[in-house]
Amino acid sequence: MLHPGLKVGSAVLAMLCIAGTAAFAQNCENVRFGDEAERKPQNLSRDIVGQSMDDIQERGFIKIAVYEDFPPFSYEEKGVLKGVDIDIGYLIAKDLGVDARFIATAADENVDGDLRNNVWRGKLIGGQIANVMLHVPYDRELGCRNEMVVLNGQYYNEQLAIAYRKDEYPEDPPVPAYFRFDTVGVENDTLSDFYLSGFARGQLVANMRRFPTTDDAMAALAEGDVMAVMAPLSQIEHGLTDAIAVHLPPFPGLARSSWTLGVAVRHNWRPLSYAVDDAIRYAVEDGRMARIFNDHGLTFTKPDW
């Protein structure tokens, strides 16, 4: 299963590993899946008006979907949800003048399933629809493929990085080619896993150690069980110790080693989508978004608008 930080489906995964894409524009005119040729509802203009914004403000709270057990973005500690995405959810709710109520959801097989289960249809058993879902990759093909949602509210650029033990690499930090001889940890079934598995025609596989989560991989790195870890920068920074350093090397053969995170809203709830987008953009511009990341010990990288 792909990590919720980059659970974009096999088509987008292949795109990331093989070829770059143009900037995501709100235009699906030239994007077709199968024999579809109809105008996509997520591609309509601002005059599509729904009632959800009024409903949210009248009832006094907004329902926000976040991934469960996903530090440093959304996780439970002593019975309380915390993390970057939780703080962003509170920021959005405050801007709208309502309370935030969170739905902690398990990741499905891909982001398409997450959008279906949490944004426009709901789970088949015991599911509920969230008004907004956080931590959704802002990707043109993903948005065009899922016509029942609108992708908006870009708030952060995630990027792949390598953490390493300073005592193992006192001079030069490691690059992927080093792992033909040195051990490296990855979270199972993530972009890092797939990339290193295919690097140099599989020459690194013998030295790869797969873990259930990046936190587990970072713990193994701290204990000296592996010499390095490849993962998204935010998750690496969450597990840094004084004995561990991190750097952002080039990743040969990987067209995109960074991606933008945003939000998803049901396609017919346009006023809500615009209000959330405005709240996030103002927070990025005035420094509040950077403070949220810094408060969690993370480096903030402004999204590519």
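This is a predicted model: local features need pLDDT of at least 70, side-chain atom pairs count only at pLDDT 80 or more; totals for chains, interfaces and linings use all residues.
**Entry 1: the whole protein**

I started with the secondary structure, and I found 10 helices and 11 strands in the protein. Next I looked up burial: of the 305 residues, 53% are buried. For the surface, I wrote down an accessible area of about 13,600 Å², with 47% of that area belonging to carbon and sulfur atoms. Then I turned to contacts with a separation of 6 or more, and 74% of them join residues 24 or more positions apart.

**Entry 2: Asn-117**

I picked Asn-117 and asked myself: is Asn-117 buried or exposed? Asn-117 has a relative accessible area of 10%, so it counts as buried, because the cut-off for buried is under 20%. I located Asn-117 in helix 4, which runs over residues 111–120. Then I listed what Asn-117 touches, leaving out residues up to four places away in sequence: I got Asp-108, Gly-122, Lys-123 and Gln-128.

**Entry 3: Tyr-90**

I moved on to helix 3, residues 84–96, where Tyr-90 sits. Its relative accessibility is 44%, and I put Tyr-90 down as partly exposed. Which residues does Tyr-90 touch, not counting those up to four places away in sequence? I found Ala-100 and Phe-102. I also checked the pair Tyr-90 and Phe-102: they are 12 residues apart along the chain, and 9.5 Å separates their C-alpha atoms.

**Entry 4: a cis peptide bond**

I looked at the peptide bond from Pro-71 to Pro-72 and saw that it is cis, with omega near 5°. Where does Pro-72 lie? I traced Pro-72 to the loop between strand 1 (61–67) and strand 2 (75–77).

**Entry 5: two residues with positive phi**

I looked up Lys-78 next. Lys-78 is not a glycine, yet I read a positive phi of about 55° for it. I placed Lys-78 in the loop between strand 2 and strand 3 (80–82). With a relative accessible area of 84%, Lys-78 is exposed.

My last stop was Ala-200. Ala-200 is not a glycine either, and I noted a positive phi of about 50° there. The loop that holds Ala-200 runs between helix 6 (191–198) and strand 8 (208–211).

Terms used
Residues are numbered from 1 along each chain as its sequence is written. Side-chain values use heavy atoms; hydrogens and water are left out. Helices (H or I, at least four residues) and strands (E, at least two) are DSSP runs, numbered from the N terminus. Buried means under 20% relative accessible area, exposed over 50%, partly exposed in between (1.4 Å probe, protein chains only). Contact means heavy atoms within 4.5 Å. Accessible areas come from the Shrake-Rupley method with a 1.4 Å probe; for residues, only the protein chains shown count as cover.
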